Amino acid sequence: FTLTQEDVDEYYRLLAECEALSLTSEDLDAVDAIFKTVDEKYEYLFAQNSIATVLYYANMKDEAAKERHLEVQEMCTEANSQYIQMARRIYLSDCPAKEMIFAEWTEKDIEFLMSYDEQVVQLNKRISEIVVEYQDTKDDATRIELYKELVGLNNQIAQIYGYANYYDYASDLVCHRDYSADDLTLIRQYGKEYLADIYKTALTTFRTKYNRLSPAKQKSVTAFLN
């Protein structure tokens, strides 16, 4: 983990420079270059966010790692929000670079851009806190309440973007799956038809062979599985 406040400050400096250049310059090569620079810094911030998350889950009793995880998640959520707002201002303008900037954006991308609400920042911040609170507690009643709150907040985010629920929203915009909802229905059907029998057969085969082993070998297998 190498992220510093200077990296964050540099990202926002580049973001401001990118917007100013996009709105005023007719030099499309220069606009393209600054966008690539911003995107590289953006990707670095989110890579650091992933590292902070891994370090937190590697030792969830480490309070410093927990705080860093939450801080970097909040920072990246805000960084993403500012990027989206910049892009929307450019899209709503009549700047010379507009056509080039949005040439590869899909209709769905534009719909997402125009639907964005800053409320999402606060919702995502609370979601990050809920996940950590859930991990911290062993109380089932508390976990149930946290889960219910999580579902409600995720559904609020989905509805901001025009979706009925978070499942539909995430399937469309978050998970980046290479299969459709119909494919998933088919997978579940196949699971019901075939996986249960395959699992039972495999488990029976394992138990039969395990019981034929000497006590020493059984101990070795058990240690390996654990």
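What percentage of the 226 residues in the chain is buried? Buried residues make up 30% of them, where buried means under 20% relative accessible area, exposed over 50% and partly exposed in between (1.4 Å probe, protein chains only). This is a predicted model, in which local features need pLDDT of at least 70, side-chain atom pairs count only at pLDDT 80 or more, and totals for chains, interfaces and linings use all residues. Residues are numbered from 1 along each chain as its sequence is written, and side-chain values use heavy atoms, with hydrogens and water left out.

**Fold and confidence**

- The chain has ten helices and zero strands. Helices (H or I, at least four residues) and strands (E, at least two) are DSSP runs, numbered from the N terminus.
- Read from the N terminus, the order of elements is α-α-α-α-α-α-α-α-α-α.
- Mean pLDDT for the chain is 93; pLDDT is the predictor's confidence in each residue, from 0 to 100. A value of 70 or more is reached by 100% of the residues.
- Which element has the lowest mean pLDDT? Helix H8 (residues 166-173) does, at 88. Helix H1 (residues 5-24) has the highest, at 97.

**Overall dimensions and contacts**

- The radius of gyration of the chain is 24 Å, while a compact globule of 226 residues would have one near 17 Å. The radius is taken over C-alpha atoms, and the globule rule is 2.2 Å times the number of residues to the power 0.38.
- The C-alpha trace spans about 80 × 45 × 35 Å along its principal axes.
- Among contacts with a separation of 6 or more, 62% join residues 24 or more positions apart. Contact means heavy atoms within 4.5 Å.

**Surface and charge**

- The chain carries 24 positive and 41 negative charges, and their mean positions are 16 Å apart. Lys and Arg count as positive and Asp and Glu as negative; His and the chain ends are not counted. Each charge is placed at NZ of Lys, CZ of Arg, CG of Asp or CD of Glu.

**Sites in helix H2**

- Val-54 lies in helix H2 (residues 28-58). Val-54 counts as exposed because its relative accessible area is 56%.
- Val-54 and Ala-65 are eleven residues apart along the chain, and their C-alpha atoms are separated by 9.4 Å.
- Ala-47 is also found in helix H2. With 37% relative accessibility, Ala-47 is partly exposed.
- From Ala-47 to Thr-208 the C-alpha to C-alpha distance is 47 Å, across 161 residues in sequence.

**Loop between H8 and H9**

- Cys-175 sits in the loop between H8 and H9. Cys-175 is partly exposed, at 34% relative accessibility.
- His-176 has its place in the loop between H8 and H9. Phi of His-176 is positive, about 55°, although His-176 is not a glycine.
- Is His-176 buried or exposed? His-176 is exposed, with a relative accessible area of 69%.

**Phe-206 in helix H9**

- Helix H9 (residues 181-211) contains Phe-206. Phe-206 counts as partly exposed because its relative accessibility is 39%.
- Beyond its neighbours within four places in sequence, Phe-206 is in contact with Val-221 and Leu-225.
- Phe-206 and Asn-165 are 42 Å apart in space, C-alpha to C-alpha, and 41 residues apart in sequence.
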